[in-house]
Structures are given as structure tokens and as C-alpha cells.
There are 2 protein chains.
Amino acid sequence: MKLGVSPDIFPPRSHEAKRVSVVDAAASVFCRQGFAGANIDLIAAEAGVSRQTVYNHHRDKEKLFVAVVRDLTERCNAGIFATIATFPDQPGDIEADLIGFAVRMNRNCICNRDGRFLRKLIQAEGERYPELFAEWREQGPGRTWSALAARFARLAYAGHLSIDDPDVAARQFLALVNAELQITFMLGGVPTENEVLQSATNGVHTFLRAFSKRPSTASVKKQAALASA
Amino acid sequence: MKLGVSPDIFPPRSHEAKRVSVVDAAASVFCRQGFAGANIDLIAAEAGVSRQTVYNHHRDKEKLFVAVVRDLTERCNAGIFATIATFPDQPGDIEADLIGFAVRMNRNCICNRDGRFLRKLIQAEGERYPELFAEWREQGPGRTWSALAARFARLAYAGHLSIDDPDVAARQFLALVNAELQITFMLGGVPTENEVLQSATNGVHTFLRAFSKRPSTASVKKQAALASA
DNA sequence: ACAAATTTAGACACTCTTGTCTAAATCGTC
DNA sequence: GACGATTTAGACAAGAGTGTCTAAATTTGT
């Protein structure tokens, strides 16, 4: 067999494409079997390369693992910030808009392949690579919460919500819209589209019961403070 | 101390005591290293018994693992239901009482040794033992949520809260009071007493903003509509 | 088409782990 | 103190996995 006449196999892939194949396959195997249980032969087989190629690209199992986590972290963060960019700054129907945002967040960042894999690796191996996951913590949740808090602060400032502490509100928003998916996430499952929508709907409903603009001593004081500033 | 002639070592332990030692040590090692990475020699050493004793009590590694999970599940469930029994049915200061309940729940069931270990094992190995963890899901979260929902329903019926769906409210209560501890839990850490209190305080505060008895849902919706207009 | 770089299959040494086995030591109980 | 049950240390076989090495095949760039 000289040319791409390979009967029913995939056509040959470039150097870089193989690197990606290996990291992707490794992510899958590390997630299913854990670091200790992951088998380099299996990773190579799932990536469709020889074992030596795995060792050529990544010196050893540990460096491969680190590459996998960095890769997943980067892609997940990109997805999260792309989704935060769709936050409804000037909502028409604030309830519907926040539900839509929550569903996007779930679908594109938390329930997708990268999100599930990264979460699993953090849970399973987080304690063994403190510096690696500390880095993730700063770049990921840390910045996510800040960015989200800023958006909620803007909504509050524009008079759509009544929020004392935007950072707390941002974390509670995420907790509420995921409240009904926790167990599924814990067991590594993928919630259905309907479950995601249901949880987001219930969560946003409660969030707005707590934070929609309404007369209260706190908000009155805040407005007075803003007015006098 | 009648029999304790052992010079500076712990006194000899009974057959049953060794069984417990082994299961406890196994829980710790399985959590730190994962199932595949766990080493029977290490478990035996941490339990202070010989390796053969481990094999005498539990036929093999897999049966030992199952014994560990069943043990943790049982103890955790006992703790959870004992704590739910302290739910404030006739609250004096409902905010303070719910915060107290949330802190007890966290300290006695979620952050303690058994809770952390069980959570970790579920996350890491849940997919590999579907029937084992399906059992946990029914006996644990399933019954926890029902029991908690019943308590919230009673509070609502007694006029202390305004709740549409007690099941949803129960899940959201747990999500809110844990909102600020998620990342610590994910990385396997133990939040400080202060962090637990802070998260519970913020969570209960928001929960009560959403669910405390107030004029009527209709007027709130009206205000929300006005605010978004 | 040719040269350099990459990939492949396979063999290999080495380490680690599981689970078994044995004989001696220790324990619980009478 | 003596007996049966349990525990212990250690050796052991069998298997699996990592990481290296080599020579041949393939791909890529020019």
C-alpha cells in the first residue's frame, strides 16, 4: 500500500494532528480510568497511533497528563468567556434572558466534553497536582466569578436587579441554575437538554424572587448613597 | 487498663476492630490514589495489619472497595438523617435557625471524613460501579431531598415561608448554602469553619429573600415587569 | 525523486502489584 | 496452661505496565 489507498482506514494525518489525537484520547482514558489506571497502550490505540509516538510527543505519562489538563483548561476558559460575552446586559424579558444565558453556560461550558473531562480530572487528581490545579482555579473560576459579578453589578446599576454583593450573587446564580444537576454531575453523567432547561428555569425563578428590584430598606439606602455620591 | 501490657504500642485489637481498621485505611487510600492506584500493601500498613489479614477479611481488592463504599454510605446516611431531625420546625428566629441547620449539615455530613471520602469515591469511580452508586443515589440524595422537602413544606404550611414546590426549594436550599464551597469541595479540600458559616449565612439570606412570606407573588411579578420595562 | 524527519511494530528490561502459600508467632478462651 | 483460631512475615508465581531501543516503513519538504 503506497498511496492513500488505505481501504477503509482514515487518511494519514499530520504531525500536529497526531499530537491533538493523542491529547484527546489521553483525556478520555484518564477520565475513565484515572491517572494510575490509564494505560499508554490504550491511549495510543484510541488515538490511532503507535505507542512510541505517544512517547515522542510527550516524554512520559505525567507530562502527558499535564498537557491534557492545560489543554482542557484553556479550551474551557475560552468557552466560558465567550459565553459570558453573551450575558444579557440590556434584557428585554429578564427572566427569559437569564434562563437562556444559564442554558448556554451549561451546554457550552459545563456539560460538553471538555467541561465534563476537566471537572472529572480536577476531582480525581486535584490533590496530587496542587500547583497545576491552583493555576486552573485562578484562571477559571476566579476570573469567571469576577466577570459574571461585573455583569450582575451592571444589571443592578441599570436598575434591573437589587443586589448587595455582586460576587455572592454571581456564585449563587451559578449554584441555583445547577441545583438539580449536581447528582448527575457527581456521577459523571450528562443531563438531558430538558433537565438543563428545567434546572435553569427553576434556578432563575428563585434568583429573581430574591434579587428583583423591589422596595427594601437596603436598596433604598443604596440608592440614597448613590444619589448623594 | 487491665490487659494493656503492650509496652508503647497500641493494645492488641479484636477481630472486628481489625476489620474496621482495614476498611478505614482502605477508604483513605482509595480516596488518595483512586481504585487502580491503591496499593493493598499500603492499606495493610496504614491499618496496622499484615497484608494477609486484608485478604482474610475481604476476598480481593474489588470486594474491599465495595465494602468501603457500603460502609461510608451507611454512616453518611445515618448522619444526614440525624441532622435532618434537628431541622427547625418551630423557628424562633428563622434566619438564625436555618443558618444553624445548614452549618450542622455541612459540618456533620458533608465536610466530615466520611462525607468527603464518599463524595470523592462517587466522583472518581461512580461510572465503573453503576449498580453500587445507583443504590447510594436512591438511599442518599433521593431520601435526603424528600425528607428535607417535607420539612420545608411544613414550614410553609405553618406560615413561615412561601414555597411553590418544596422539592425544588429543598434542592435550592442545599445549593445556596454550599454555593461558596463548591471549588473547595471539587479539589477535595476542607473549608474552614468560617467559610462554612459565611456560605451558609449568605445562602440562607438569599433563600429567605426568595421564600419568606411576603405580600403576594403577584405583586412581585408586577414589580419585576415594571422594572424590566 | 531524494533526503530528512517522523512513525511504526516489536522486542526488551525493569518495576510494581495482586493474590496464594507456608510455617511460625500470637491471641482468645477455657 | 493448653487448645483452636487468627495473625504475621516472607517467599513466590503470574501478570501487567512503563519506558527504551532498533530497524524498517512511511511521510514531508524541496
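The model is predicted. Chain A superposes on chain B by a rotation of 180°. Twenty residues lie around DNA strand D, A:Gln52 and B:Lys18 being among those that come nearest. The largest nonpolar core holds 104 residues.

**How the two chains pair**

- A 180° rotation with 0.0 Å of shift along its axis places chain A on chain B, with an RMSD of 0.1 Å.
- That is how a two-fold axis relates two copies.
- A:Ala210 has the C-alpha nearest the axis in chain A, 2.1 Å from it.
- Of the interface residues of chain A, 85% are also interface residues in chain B, so the copies meet through the same surface.

**Nonpolar cores**

- Within the largest nonpolar core, the residues that touch the most other members are A:Phe152, A:Phe173 and B:Phe152.
- Leaving aside residues up to four places away in sequence, A:Phe173 touches A:Leu98, A:Phe101, A:Ala102, A:Leu148, A:Phe152, A:Val204 and A:Phe207.
- A second core is separate and has 33 residues. Its members include A:Val23, A:Phe35, A:Val54 and A:Trp136.

**The surface near DNA strand D**

- Five of the 20 residues around DNA strand D come nearest: A:Ala38, A:Gln52, B:Lys18, B:Ser50 and B:Thr53.
- A:Gln52 reaches a base. One of its polar side-chain atoms lies 2.4 Å from a base nitrogen of DNA strand D.
- A:Lys61 uses its backbone. A polar atom there is 3.2 Å from a phosphate oxygen of DNA strand D.
- B:Lys18 uses its side chain. An N or O atom there is 3.0 Å from a sugar or linking oxygen of DNA strand D.
- H3(B) supplies the largest share, five residues.
- By class, this surface has nine polar, six charged and five nonpolar residues.
- Sugar or phosphate accounts for 68% of the atoms of DNA strand D within 4 Å of the protein. The rest belong to bases.

**A buried asparagine**

- A:Asn77 sits in helix H4 of chain A, which spans residues 61-84.
- Its relative accessibility is 11%, so A:Asn77 counts as buried; the cut-off is under 20%.
- A:Asn77 touches A:Gln139 and A:Gly140, again leaving aside residues up to four places away in sequence.

Conventions
Residues are numbered from 1 along each chain as its sequence is written. Chains are lettered from A and ligands numbered from 1 in the order in which they are written. This is a predicted model: local features need pLDDT of at least 70, side-chain atom pairs count only at pLDDT 80 or more; totals for chains, interfaces and linings use all residues. Side-chain values use heavy atoms; hydrogens and water are left out. A nonpolar core is a set of buried Ala, Val, Leu, Ile, Met, Phe, Trp, Tyr and Cys residues joined through side-chain atoms within 4.5 Å. Buried means under 20% relative accessible area, exposed over 50%, partly exposed in between (1.4 Å probe, protein chains only). Contact means heavy atoms within 4.5 Å. Copies are superposed by least squares on the C-alpha atoms of residues with pLDDT of at least 70 in both. A residue is near a molecule or strand if one of its heavy atoms lies within 4 Å of it. A polar contact is a pair of N or O atoms within 3.5 Å; within protein, one must be able to donate a hydrogen and the other to accept it, and residues adjacent in sequence count only if both atoms are side-chain atoms. Helices (H or I, at least four residues) and strands (E, at least two) are DSSP runs, numbered from the N terminus. Ala, Val, Leu, Ile, Met, Phe, Trp, Tyr, Cys and Pro count as nonpolar, Asp, Glu, Lys and Arg as charged, and the others, Gly among them, as polar.
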